[in-house]
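Here is a briefing on one protein model. Please look at the sequence and the structure first, then read the points below.

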Amino acid sequence: MRRFFCVLIAALMLLPALLCSSCEKRPNDELYTPDLEGVLTPMEVNVDASDEYQTIQGFGGINHPVWIADLTEEQRQTAFGNGEDELGFSILRIHVDPDRNNWEKELETAQAAVEAGLLVFASPWDPPADMCETFNHNGNENAKRLRHDKYADYAEHLNDFVSYMRDNGVELYAISIQNEPDYADGWTWWSTEEIMDFILNYSDAIDCRIMSPESFQYRKDFYNEILNSEEALEKVDIFATHFYGTQKWDMAYPLFEEKGVGKELWMTEVYVPDSSTDADVWPQALDVAVNISDAMTEGNMQAYVWWYIRRFYGPMKEDGTISKRGYCMAHFSKFVRPGYIRIGATETPAEGISVSAFKGDDKTVIVAVNRTSNDYAQSFSLSGTKEISYIEAYTTDADVSLERIGNIAFEESTFSFRLTPESVTTFVISH
């Protein structure tokens with residue numbers, strides 16, 4: 001009898017492990033088999049988990065309380081939480097104001113982000129006014145730049161911001177040298193020579209990871225000199241860029257792939273397709289998912305950071321609710337978590353379909369964007385992974401936002417799904 005009870009207890013202890021294959025299933029989940037009859041069939045998507053690329057740091061946006069109102073407590077939860085109707089952001093960008101009296105305005109949201117486990121980084125638009133001078137830049141006699149005799153003072157200014165945030169519980173992950181030095185619409189211009197001078201001779205005074213100046217359009221000349229200088233490259237931890245007007249074919253950067261080993265590559269600001277259209281307009285909002293997919297697969301970006309978190313054209317609307325653009329971003333930010341690795345996948349199984357794939361936490365995550373007006377019967381095949389335990393899908397199109405379908409039918413390492421017209425679908429595959 002005693003032996004019987006010992007066996008019974010052991011069996012009960014093993015029960016959670018025996019049930020783990022269905023632990024993510026929700027009550028009443030039924031097997032979902034999509035209707036694929038008469039639907040166009042593109043090339044099969046082959047996902048190879050052994051084919052590894054960049055490690056993902058996360059997704060996020062900027063909070064800029066000096067220019068617009070701060071996020072509320074409820075809005076912070078929507079942005080930084082990862083529950084239902086939350087964006088799952090894992091990165092927060094903040095502003096280094098030239099006036100240190102404004103620095104406290106950054107604290108409340110930055111502190112909430114740190115508490116939620118986000119990476120926080122900072123970008124300056126301008127040095128303090130007494131460090132700047134006007135000069136003639138391509139006929140603009142009122143263009144602004146940092147005085148050459150103030151480089152050390154500017155490094156001290158940036159370091160003071162790092163220390164201020166640290167003293168108030170916000171350990172910055174990195175600080176940028178300059179926001180868009182090659183566009184400077186109302187802020188500070190930098191030439192490549194000035195950037196190199198500052199990095200080589202003054203950046204060591206900043207007690208934080210150094211992020212390169214952030215080109216507005218991924219102009220490689222702002223990074224080539226750093227990459228080609230062993231001394232400068234050693235001092236820069238993160239290469240960062242913005243994607244305004246950057247096309248897919250301009251996202252690859254072979255020189256970085258060759259020389260930037262061990263460095264991070266981030267996309268730190270963009271809005272797509274524009275800043276004049278309401279973020280709920282469809283299918284324009286789908287451009288967000290396309291842009292992120294291209295950034296991950298073509299650009300090998302490790303982070304993707306939107307402009308304002310809350311704006312009528314952003315991921316969160318002014319009333320604090322998630323927009324269609326936000327749901328398109330959430331297809332990545334909620335499921336592709338920090339530390340996940342992008343893996344090989346058939347990226348364009350048909351014209352107008354974009355696919356990216358990632359792995360982490362014993363999951364494979366596939367994001368498929370269908371920009372066309374066609375239905376597609378898309379098949380997927382996985383290799384280099386453990387056996388599939390369970391598949392759920394989340395779809396956003398004109399009619400639904402992150403609609404969940406669980407327990408998708410599969411056979412060994414393959415499954416099929418109907419990609420509806422002008423839609424984005426994320427598959428979360430548990431192993």
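## Briefing

Cys328 is buried, at 0% relative accessibility; buried means under 20% relative accessible area, exposed over 50% and partly exposed in between, with a 1.4 Å probe and protein chains only. This is a predicted model, in which local features need pLDDT of at least 70, side-chain atom pairs count only at pLDDT 80 or more, and totals for chains, interfaces and linings use all residues. Residues are numbered from 1 along each chain as its sequence is written, and side-chain values use heavy atoms, with hydrogens and water left out.

**Cysteines**

- Cys132 is buried too, with a relative accessible area of 15%.
- The disulfide count is zero, where a disulfide is a pair of cysteine sulfur atoms within 2.5 Å.

**Whole chain**

- The protein chain has ten helices and 20 strands; these are DSSP runs, with helices (H or I) of at least four residues and strands (E) of at least two, numbered from the N terminus.
- The radius of gyration is 24 Å, close to the 22 Å that the globule rule gives for 431 residues, so the chain is as compact as a globular protein of that length. That radius is taken over C-alpha atoms, and the rule is 2.2 Å times the number of residues to the power 0.38.
- The C-alpha trace spans about 80 × 60 × 45 Å along its principal axes.
- Buried residues make up 56% of the 431 in the protein chain.
- Take the contacts between residues at least 6 apart in sequence: 77% of them join residues at least 24 apart. Contact means heavy atoms within 4.5 Å.

**Nonpolar cores**

- The largest nonpolar core holds 100 residues, and Leu172, Ile175 and Tyr304 touch the most other members. Such a core is a set of buried Ala, Val, Leu, Ile, Met, Phe, Trp, Tyr and Cys residues joined through side-chain atoms within 4.5 Å.
- A second, separate core has 24 residues, including Val47, Ala49, Ile388 and Phe427.
- Leaving aside neighbours within four places in sequence, Tyr304 has contacts that include Gly58, Phe59, Gly60, Met267, Val270 and Met329.
- In soluble globular proteins, nonpolar side chains tend to be buried together.

- Strand β20 (residues 423-430) has eight of its eight residues buried, so the rest of the structure largely encloses it.
- Both of its faces are covered: Ser423, Thr425, Phe427 and Ile429 are buried on one side, and Val424, Thr426, Val428 and Ser430 on the other.
- Strand β15 (residues 363-370) pairs antiparallel with β20 over eight bridges. Two strands pair if DSSP finds at least two bridges between them.
- Val369 has Val424 of β20 as its bridge partner.
- Strand β17 (residues 390-396) also runs antiparallel to β20, joined by seven bridges.
- Ala393 stands opposite Phe427 in β20.
- The unreviewed UniProt entry annotates residues 342-427 as "domain: Glycosyl hydrolase family 30 beta sandwich". UniProt positions are given in the numbering used here, feature names are shortened, and annotations may be inferred rather than shown by experiment.
- Residues 342-427 are 0% helix and 58% strand, and their end C-alpha atoms lie 14 Å apart.

**A three-stranded sheet**

- An open sheet of three strands runs in the order β5-β6-β8, with mixed pairing.
- Its edge strands are β5 (132-137) and β8 (188-189), and each pairs on one side only.
- Strand β6 (residues 140-146) pairs with β8 in the parallel sense over two bridges.
- Arg145 stands opposite Trp189 in β8.

**Helices and their cover**

- Helix α5 (residues 192-201) has Thr192, Glu194, Ile195, Met196, Phe198 and Ile199 as its buried residues.
- The buried residues of α5 pack against β6, α4 (151-167), β8, α6 (221-227) and α7 (230-235).
- Helix α2 (residues 73-80) buries Gln75, Arg76, Thr78, Ala79 and Phe80.
- The cover over the buried residues of α2 includes β3 (91-96) and α3 (107-115).

**Two loop residues**

- Gly262 lies in the loop between α8 (254-259) and β11 (264-269). Gly262 is exposed, at 77% relative accessibility.
- Gln217 sits in the loop between β9 (210-211) and α6. Gln217 is partly exposed, with a relative accessible area of 33%.
- Beyond neighbours within four places in sequence, Gln217 is in contact with Thr241, His242, Tyr244, Gly245 and Thr246.
- The C-alpha atoms of Gln217 and Gly262 are separated by 23 Å, at 45 residues apart along the chain.
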